[in-house]
Amino acid sequence: MAAAAPDPAPGPSSVSSPPGTGWAGALLAARAEAGASVGSYHFVRPDLVMGHDATTALAIPMAERRGLRLLPPERLMLVGDHFSPPSTAERAEIARRFREFAAAQGHLPRLDEGICHQLLAEDPRVLPGAVVVGADSHTVTVGGVGAFGTGVGTTDFVVAATAGGLWLRLPDAVRVRLVGSWPAWACGKELVLALLAAHGPEHARYRGLEFVDDTPGGIATDHRLALANMAVEQGAKCGIVRPDAETLRHLVEDRGVDRAVAEAAVARFPSHPAADPGPAERLPDLDCSALVPRLALPGGLRRIVPVADAAGEEVDQVYLGSCSSGRLADLRLAASALRGRKVSKRLRFLVTPSSRAVYGAALAEGLLGVLHEAGAVILNPSCGPCGGIDKGLLAPGEACLSTSNRNVQGRMGSPEARIFLAGAATAAATALAGRIADPRELWA
Amino acid sequence: MSAERPDRISGIALVLPDDAAADLLHPPRHFSLDAGAVSRGALAGLPEVARALAEGAGPWIVVAGRDLGAGSSRETTLYALRDRGIVAAVADSAGRIFTRNAWNLGLPVVEVPGARLGVRTGDPVVLDLPRGALLLPSGEEVPGTPPDPYWLAVYRHGGLLDFAEAMGRLPGAR
């Protein structure tokens with residue numbers, strides 16, 4: 001087999017980031033190889049590449065046929081989170097092949113530790129300004145800490161994970177300023193639903209979606225991760241929140257990053273005028289104080305309505321989890337709504353903390369106890385119900401209110417089931433009522 | 001340009017609705033490492049289109065509305081479509097990862113807004129790749145967005161892995 005992995009150090013760059021390409025343009029251009037562009041695509045070396053069990057398993061025959069070697073673990077993170085643990089013998093076989101392939105390439109994948117996007121967000125290498133390419137569409141999530149993340153399929157992953165780079169375009173940026181005070185019941189999903197309601201699911205297609213948080217005190221990083229997570233549901237290549245004092249707090253206090261390292265990463269981020277190529281378009285400010293709880297009606301993201309408009313609709317399952325939710329801030333919202341109360345007997349209430357770290361913190365904080373007492377089924381950190389992979393699949397005619405990011409017909413089981421997407425507070429209120437309910441009265 | 005990778009691609013139109021998301025083109029329950037099982041999931045979320053696919057012979061050119069293939073990065077979606085004789089796609093607009101995955105496997109996706117209005121499933125059509133235009137049986141030509149030179153290069157090499165190898169990017173490739 002093969003030569004050593006390529007030199008991980010990014011080469012000198014003479015690729016410039018044209019006006020309008022935003023922070024993503026600056027970050028990608030800085031990692032683009034001079035003289036290696038084809039058309040408008042540049043050969044970019046990401047700082048970190050990520051693959052999970054499902055998409056990496058597809059890469060095995062491609063890599064083996066050509067005798068390719070994977071990047072070393074310093075630059076490639078492999079995660080077992082889809083078939084975690086496997087629900088069928090076939091999926092156990094996929095998971096086994098993934099592990100064996102990884103081992104043969106000198107990798108020890110992170111198995112059953114949580115959803116890959118949350119593990120990326122917790123990783124010490126994923127600092128503001130980092131460039132991450134992952135074999136999953138929701139790799140955009142790391143934008144919540146000011147990193148560039150984008151998702152690719154298996155063939156791009158094979159090139160990125162063996163050649164150490166891949167061809168990317170510098171996207172035009174569309175920038176949104178977040179203003180106004182943050183409602184106590186709100187979570188990051190509410191910002192996404194507000195954007196989808198205003199601009200639809202294609203407004204950022206091929207673009208970088210960039211956020212400046214000018215709210216008093218700043219929106220918590222957990223909510224920013226959820227905001228970035230659904231950039232892809234607006235068509236975007238990435239979703240990046242400008243790192244700021246909250247990012248610094250999060251890195252130092254929540255993640256234990258050395259303060260000097262965190263400060264340097266925030267300071268290096270190309271948002272200062274000399275480095276910022278600026279956006280191609282600015283959207284109107286998003287006023288958080290004007291948020292109302294919203295949901296996506298079943299079957300795609302073109303029909304976003306206030307929860308009040310769908311209130312009273314009976315559901316058979318509530319799912320709080322996925323890479324779009326299930327972080328500590330979401331679990332706190334749910335626990336504060338459910339403390340001392342019981343969820344409706346007529347539905348299943350499934351909760352998935354997004355990683356082992358989140359699970360442990362929620363356990364220590366007593367949140368899982370509160371949710372357990374309220375009647376929740378606590379699942380292990382994994383992708384689970386979101387893609388209909390395991391647990392919580394829906395029967396024909398059933399309805400689920402989910403805090404995940406996709407509600408296409410058939411995604412969670414039967415094509416005749418209906419999936420509503422909403423935030424954590426709406427999930428908790430709906431679990432209590434047994435029917436879709438506006439959460440605001442619980443915070444009144 | 002080789003005969004297998006022509007600049008003008010001829011096929012039978014397979015018309016898809018708006019918002020044919022990746023999860024509809026290939027629902028997640030069809031994910032597998034077994035090529036036959038993957039292939040059987042082609043268009044399973046769009047039963048009427050799947051029926052037309054099963055009844056015709058192809059080669060097919062998908063003619064879709066807005067936001068074709070949005071969402072999931074699962075490449076099994078493209079394996080299934082390719083295995084069932086789909087050779088190219090045009091759409092009013094298409095999802096970013098779907099578009100990359102398709103080109104990477106030698107299956108061009110071109111934005112040709114409004115193409116669907118002039119076409120029915122079963123019509124013979126021709127995709128003029130460098131010009132990004134769809135030729136209809138009536139002789140009418142619907143203009144679209146010419147593909148970036150990068151994608152044409154990837155296509156002419158037969159897909160991304162062959163392109164990357166030709167560019168000397170896959171060290172140790174045998």
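I take buried area as the accessible area, with a 1.4 Å probe, that two parts lose on being put together, summed over both. The model is predicted.

Interface. I looked up the area buried between chain A and chain B and found about 4400 Å², with 56% of that given by carbon and sulfur atoms. On the chain A side, A:Leu58, A:Arg66 and A:Trp167 supply 17% of the area that chain A buries against chain B, more than any other three residues. The contact takes 58 residues from chain A and 46 residues from chain B.

I counted seven salt bridges between chain A and chain B. One joins the side chains of A:Arg66 and B:Asp162, at 3.0 Å from N to O. Helix 2 of chain A gives eight residues to the side that touches chain B, the largest share.

Aromatic rings. I have 11 aromatic pairs over all chains. I checked B:Trp103 with B:Tyr155: the ring centres are 6.4 Å apart and the planes stand at 90°, so I log the pair as edge-to-face. B:Trp103 lies in helix 5 of chain B and B:Tyr155 in helix 6 of chain B, so the pair ties together parts 52 residues apart in sequence. Both B:Trp103 and B:Tyr155 are buried. They belong to one aromatic cluster that also takes in A:Tyr41, A:Phe43, A:Trp167, B:Tyr150, B:Trp151 and B:Phe163.

Charges over rings. I found the charged end of B:Arg169 over the ring of A:Phe43, 3.6 Å from its centre. A:Arg169 lies over the face of A:Tyr206, at 5.5 Å from the ring centre.

Definitions and conventions: Residues numbered from 1 in each chain as written. Chains lettered and ligands numbered in written order. Predicted model: local features only at pLDDT ≥ 70, side-chain atom pairs only at ≥ 80, totals over all residues. Heavy atoms only, no water. Phe/Tyr/Trp six-rings, centres within 6.5 Å; stacked < 30°, edge-to-face > 60°. Helix = DSSP H or I, 4+ residues; strand = E, 2+ residues; numbered from the N terminus. Buried < 20%, exposed > 50% of the residue type's maximum accessible area, 1.4 Å probe, protein only. Lys NZ or Arg CZ within 6 Å of the ring centre and 35° of its normal. Contact = heavy atoms within 4.5 Å. Salt bridge = Lys/Arg side-chain N within 4 Å of Asp/Glu carboxyl O.
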